[in-house]
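Below are a few numbered notes for someone opening this structure for the first time. Please read them alongside the model.

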Amino acid sequence: MPEAFPSLADLHARNPLHQAAYPDASAVTEVVKELEQRPPLVFAGECDDLRGKLAQVARREGFVLQGGDCAETFAGVTAANIQGKLRVLLAMAVVLTYAAQVPVVKIGRLAGQYAKPRSKDTETRGGVTLPVYKGDAVNGFAFTPEARTPDPRRLLEVYNASAATLNLTRAFVTGGFAHLAQVHSWNADWVKSSPVGKQWEQLADEIDRALAFMVACGLDDDAMRSVDLFASHEALLLEYEHALTRVDSRTQRPYNVSGHFVWIGERTRQLDGAHVEMLRHVRNPIGIKLGPTTTAADALALADRLDPDHEPGRISFITRMGAKKIRDLLPDVIEGVSASGREVVWICDPMHGNTFEAANGYKTRAFGDVMDEVNGFFDVHDQLGTWPGGIHVELTGDDVTECVGGADDLAEGDLGNRYESLCDPRLNRNQSLELAFLVSQRLTD
Ligand code: PEP
Ligand code: MN
């Protein structure tokens with residue numbers, strides 16, 4: 001018999017980190033009750049399907065592309081913004097699929113990525129200290145006491161925003177937008193203006209020719225018309241994640257139905273902590289972030305706790321060691337896990353170990369560091385004979401100026417032009433596509 005799913009009170013008894021300090025407990029209870037009545041956002045069977053696809057990746061038969069905002073915002077739930085993100089994700093996936101000829105498992109960091117762990121609890125400006133912004137799920141970004149006070153009713157808005165995002169996403173990926181014959185149109189507004197755009201157009205031309213050939217041969221498959229795109233976020237706020245965990249009628253087992261894939265962050269992956277305890281009971285495929293202090297024993301202990309049955313596709317380790325450290329630190333962790341006989345998915349997050357503050361105060365990342373960490377990830381897997389299973393990136397479909405470098409050579413002085421992220425800096429469309437071309441090269445080397 002599987003153990004009973006822990007109650008919210010059981011989880012809180014473990015003193016979970018990075019939660020919202022709500023001023024009014026009864027308002028939280030009301031919201032949780034309401035969330036518990038809401039229909040699932042994803043189906044258990046879809047989570048099983050993704051677990052199966054991740055099992056293929058662990059067997060070297062695929063590659064994961066996971067990407068989206070660091071933090072989604074309620075204001076960002078617009079058709080243009082969602083379409084922009086999907087467009088760049090699908091374009092990156094096409095680059096990886098076509099150039100590297102591997103099936104790509106596409107996972108959006110979207111439809112639920114509204115809560116952020118922060119390194120400090122408060123922020124001081126001009127002598128005034130207020131609670132730090134912890135994502136739209138918790139409080140508002142404006143620097144006022146009202147906005148910064150955590151409000152549980154925001155969790156209902158997270159649900160609504162996620163439902164709207166998923167609804168549009170499902171329509172885009174099955175309703176014709178994702179048809180391979182449309183690849184030219186995805187980026188038509190920008191192709192002429194950048195070196196990456198030209199590379200993209202060349203690839204789109206090749207795909208057109210290949211498709212025309214296949215159609216002429218009588219092969220016009222459904223697979224060309226739509227794609228699978230899964231939703232993921234960090235399972236951080238216990239009230240929300242717990243209320244959206246449901247026992248599936250087919251299997252009688254709990255699934256977190258707020259997203260297909262949920263991950264545990266670097267700051268909340270304590271072995272006896274509430275987050276590991278909650279997710280150990282759910283059947284979804286689970287990601288675990290591993291930062292530079294991780295030992296092989298840590299990774300193994302987490303895998304044993306979250307996946308005692310060694311179920312294929314259950315565990316993805318998302319490493320974020322930093323460009324300067326990955327080549328030294330990652331081999332031991334991989335070797336330790338491999339020696340246990342486990343086949344996990346290894347995903348590289350080249351963003352979170354490479355953040356720095358520019359001289360003008362902007363939080364940024366350098367494209368060169370991001371690429372260096374990705375190259376380090378491939379180098380280590382090449383040496384060990386293990387499979388580099390995917391990448392996890394913070395990106396947007398817009399031409400923002402948040403990360404420096406890349407083919408357009410964005411400088412620190414350009415950051416102020418269009419810096420829109422409320423949290424971590426994202427790759428813009430050109431930088432994302434450039435990364436995809438470079439990764440596809442590593443996959444084919
Ligand atoms: C994130 O993915 O935005 C994040 C906070 O990452 P990490 O848990 O790896 O620090
Ligand atoms: Mn982030």
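Does Asn15 count as buried or exposed?

1. Asn15 counts as exposed, because 11 C-beta neighbours lie inside 10 Å. The cut-offs are 20 or more other C-beta atoms within 10 Å for buried, 12 or fewer for exposed, and partly exposed in between, with C-beta atoms placed from the backbone. Asn15 sits in the loop between helix H1 (8–12) and helix H2 (25–37), and has a positive phi of about 50° without being a glycine.

2. On the source: this is a predicted model, in which local features need pLDDT of at least 70 and side-chain atom pairs count only at pLDDT 80 or more, while totals for chains, interfaces and linings use all residues. Residues are numbered from 1 along each chain as its sequence is written, and chains are lettered from A and ligands numbered from 1 in the order in which they are written.

3. Ala111 also has a positive phi, about 60°, and is not a glycine. Its loop runs between strand E2 (104–108) and strand E3 (122–125). Ala111 is buried, with 30 other C-beta atoms within 10 Å.

4. Of its 445 residues, 46% count as buried. The C-alpha atoms fill a box of roughly 65 × 55 × 45 Å along the principal axes.

5. The residues around ligand 1 include Cys70, Glu234, Arg267 and His352 (near means a C-beta atom, placed from the backbone, within 6 Å).

Technical notes. Helix = DSSP H or I, 4+ residues; strand = E, 2+ residues; numbered from the N terminus.
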